[in-house]
Structure formats: structure tokens, C-alpha cells
Amino acid sequence: MIARGAMLGPDQPVILHMLDIEPAAESLNGVKMELIDAAFPLLKGVVATTDVQEACKGVNVAVMVGGFPRKEGMERKDVMSKNVSIYKAQASALEKNAAADVKVLVVANPANTNALILKEFAPSIPEKNITCLTRLDHNRALGQISEKLNVHVGDVKNVIIWGNHSSTQYPDVNHATVTTNGGEKPVRELVANDQWLNTEFITTVQQRGAAIIKARKLSSALSAASSACDHIRDWVLGTPKGSWVSMGVYSDGSYGIQPGLVYSFPVTCEKGQWSIVQGLKIDEFSRGKLDATAQELIEEKSLAHSCLN
Ligand SMILES: NC(=O)c1ccc[n+]([C@@H]2O[C@H](COP(=O)([O-])OP(=O)(O)OC[C@H]3O[C@@H](n4cnc5c(N)ncnc54)[C@H](O)[C@@H]3O)[C@@H](O)[C@H]2O)c1
């Protein structure tokens with residue numbers, strides 16, 4: 001997708017740096033061979049390596065997908081411990097080798113907390129440049145509304161994913177609209193079923209990752225890759241006028257979310273910078289959900305710190 005221009009646009013040549021661990025070196029080389037065979041006109045080079053320093057050298061965009069999956073019998077703390085040490089090491093490599101204005105997108109789980117650890121161990125990378133992926137959840141919410149109303153997904157906009165990329169995330173449609181022949185209409189008015197919006201819709205989006213794993217026996221791949229491209233494309237090239245997207249970003253205290261967490265907010269992007277959409281009305285139902293997912297992130301943060309001690 002990146003080599004076809006889906007991430008940075010159809011006129012932007014790219015050099016791909018791909019990192020994996022030693023046991024995956026042969027398979028990584030196979031990916032490199034396929035990239036060459038696909039003869040992508042935009043692809044100006046491929047670096048396939050197991051050396052994290054080499055992988056990070058001069059990169060402008062870093063998409064962090066490497067992680068340690070949860071295996072049978074592993075406690076949450078064990079998975080956290082494996083992943084925070086990966087992100088601590090990769091933070092230093094990025095800080096030392098990447099372009100000074102590198103934009104970082106953390107995909108691997110626990111995505112918000114991995115991003116937070118990366119930020120803490122790469123202090124010279126501006127905190128505004130370190131984000132995590134909740135665009136997949138955002139796109140899933142758009143998809144559920146489009147299915148429910150039988151409208152084109154491209155006509156639905158301004159859903160929000162608040163908080164953690166986990167089952168406590170809060171998919172919020174209170175400000176979402178659909179473009180119809182009669183103009184933009186609120187999703188709540190068109191769905192006309194608050195019961196569904198406040199229960200089944202939310203749990204379907206929250207549990208969608210697990211549903212995909214159950215069906216495919218593998219975690220989401222196509223939709224995750226496509227959302228990662230959406231995230232970087234909008235960040236670099238800007239969001240369309242009048243619409244926002246969800247990104248996991250470093251909290252500045254907006255909406256009463258404590259600073260020092262990587263939390264998913266509605267953002268607009270312009271000239272390579274994101275800003276949190278301000279002034280949205282938060283009702284009591286939403287307030288409880290925003291706080292619950294923040295609480296989980298506070299606990300993850302302290303668990304991550306305890307793993308590093
Ligand atoms: N945020 C999201 O929306 C979202 C969506 C899908 C998947 N994910 C997460 O993304 C991650 C990747 O998912 P996947 O299905 O591609 O998993 P995967 O196991 O297929 O791929 C992970 C890759 O990372 C590599 N790796 C492991 N440790 C590494 C290290 N220290 N340095 C470099 N590479 C390393 C592995 O060898 C493997 O090739 C998982 O953590 C998954 O939970 C997040």
C-alpha cells in the first residue's frame with residue numbers, strides 16, 4: 001500500500017526500511033523480493049534488516065508494528081513487560097537515527113502504552129510526533145453506521161474513538177453526520193434507535209478485533225494496514241475541511257483527560273500537525289465512558305513503569 005502511494009500520495013516516491021527479528025530474517029527477505037518483483041514505480045529503494053539502528057537511519061515516517069503477541073498461559077504483565085522493553089529499545093534507536101522531524105505511528109499492542117514508553121525513552125522527539133493507531137476503530141465505527149443505515153461509508157463522518165485501543169475505548173456518534181440529498185443529518189436522528197447506538201453499536205466496535213481473530217484465526221491485517229495508511233496520509237497531507245479523524249495522541253488535558261497519557265481524541269490535521277478538536281459537548285453518558293477508558297490507561301501506564309523497574 002505504501003509503495004502504491006496509499007500512504008503519502010500518488011506522486012511521492014518512497015524508500016521502505018523494513019525491520020524484523022533474526023528468526024524472521026529469511027521471510028523478511030522474501031518480502032523484499034516480492035516488493036522488487038511488483039515493480040512499483042514509486043518505490044525507490046528497499047532496506048530489509050534485523051539491525052534496528054540501520055532500520056531507523058534517516059526515516060521520516062516510522063510505523064511500529066513489531067511486537068510480542070500474547071501466548072497461552074501468559075499474564076497481562078508478562079506481555080506488557082516484553083513489549084515495553086521492545087519499545088524502550090526502539091525509542092533509543094529512533095532518537096539516534098531517525099530524521100529530527102520523524103512522525104511515529106505505533107500500531108503494536110498495547111498501542112497507547114507502547115507509544116507512551118516510546119515517548120519517554122526518546123525525549124528529543126517532540127511529543128506531538130508520537131501517536132498510536134485508533135483509526136482502525138474509527139473506520140470500524142464508520143462501517144457499522146454505514147451498514148446500519150445502508151448508506152455509503154464515504155458519506156458518514158465525524159465519529160470519534162475516545163481513549164484506549166482496547167475494549168474500553170468509547171466509540172461516540174453524538175457529533176457524527178451523514179451526507180444525504182437533503183444535506184448533512186445527525187447520525188442519531190437517522191438511526192433513530194438510541195438503545196442500539198448506546199449498547200450494541202458500542203460493543204460491536206469495541207469487540208471487532210476479537211471477532212476478526214475468531215473468524216480468521218489471525219488478527220486484522222488488511223483493515224489495519226489500510227487504517228495505518230489513512231492515519232499517516234491525513235496527518236501529513238491534512239484532513240478534509242469539516243471532518244475530523246481519531247488519533248491516539250499525547251493528552252494536553254483536553255476534555256479533562258489527564259496530561260501524560262496517550263489517549264485517542266478527535267483531531268484535525270493541517271500542514272503536518274494535528275490538533276485536538278475543541279468544544280464538543282460531552283453528556284453524562286459519554287463522560288463516564290471517557291473517564292473509564294482513561295482509568296484503564298492510567299493503570300496500564302503504572303504497570304508499564306513497574307515492568308521497567
Ligand atoms: N492498533 C491497531 O489498530 C492494531 C490493529 C492490528 C494489529 N495490531 C497489533 O499490531 C501488532 C502486529 O500485528 P500482526 O498481526 O502483524 O502480528 P505478527 O505477529 O504477524 O507480526 C509482528 C511482527 O513483528 C515482528 N517482531 C517481533 N518482535 C520484534 C522486534 N523486537 N523488532 C522488530 N520486529 C519484531 C515479528 O517477527 C513479526 O514479523 C500486534 O501487536 C497487534 O496486536 C494493532
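I began with the domain assignment of the chain, which gives domain 1 (14-132) and domain 2 (135-305), the bounds coming from an automatic or database domain assignment. I note that this is a predicted model, in which local features need pLDDT of at least 70 and side-chain atom pairs count only at pLDDT 80 or more, while totals for chains, interfaces and linings use all residues. Residues are numbered from 1 along each chain as its sequence is written.

**The contact between the domains**

I looked up the C-alpha centres of domain 1 and domain 2 and found them 24 Å apart. The contact takes 21 residues from domain 1 and 20 residues from domain 2, where two residues are in contact if their C-beta atoms, placed from the backbone, lie within 7 Å. On the side of domain 1 that touches domain 2, at least two residues each come from β3 (61-64), α3 (76-97), β4 (103-106), α4 (111-120) and β5 (130-132); these helices (H or I, at least four residues) and strands (E, at least two) are DSSP runs, numbered from the N terminus. Helix α4 gives the most to this side, with 7 residues. By class, this side of domain 1 has 13 nonpolar, 3 polar and 5 charged residues, counting Ala, Val, Leu, Ile, Met, Phe, Trp, Tyr, Cys and Pro as nonpolar, Asp, Glu, Lys and Arg as charged, and the others, Gly among them, as polar.

**The ligand**

I then listed the shell around the ligand, which has 20 residues, the closest being Gly 66, Gly 67, Ala 108, Asn 109 and Ala 224; a residue is near a molecule if its C-beta atom, placed from the backbone, lies within 6 Å of it. This shell has 13 nonpolar, 6 polar and 1 charged residues. Domain 1 and domain 2 both give residues to the shell, so the ligand lies between them.

The unreviewed UniProt entry has a "binding site" annotation covering Asp 20, Asn 83, Val 107, Ala 108 and Asn 109, and I keep in mind that UniProt positions are given in the numbering used here, that feature names are shortened, and that annotations may be inferred rather than shown by experiment. Ala 108 lies in the loop between β4 and α4, and Asn 109 is found in that loop as well. Ala 108 counts as buried because 20 other C-beta atoms lie within 10 Å, the cut-offs being 20 or more for buried, 12 or fewer for exposed, and partly exposed in between, with C-beta atoms placed from the backbone. Asn 109 is also buried, with 21 such atoms within 10 Å. Leaving aside neighbours within four places in sequence, Ala 108 is in contact with Met 64, Val 65, Gly 66, Gly 67, Asn 83 and Asn 114.

**The annotated active site**

I looked up His 165, where the unreviewed UniProt entry places the feature "active site". His 165 is found in the loop between β7 (160-162) and β8 (170-172), and is buried, with 28 other C-beta atoms within 10 Å. Beyond four places in sequence, the contacts of His 165 include Ala 111, Asn 112, Cys 132 and Ser 264.

**A residue for contrast**

Last, I checked Arg 188 in helix α6 (residues 187-191), which counts as partly exposed because it has 15 C-beta neighbours inside 10 Å. Beyond four places in sequence, Arg 188 is in contact with Val 173, Asn 174, Asp 194 and Leu 197.
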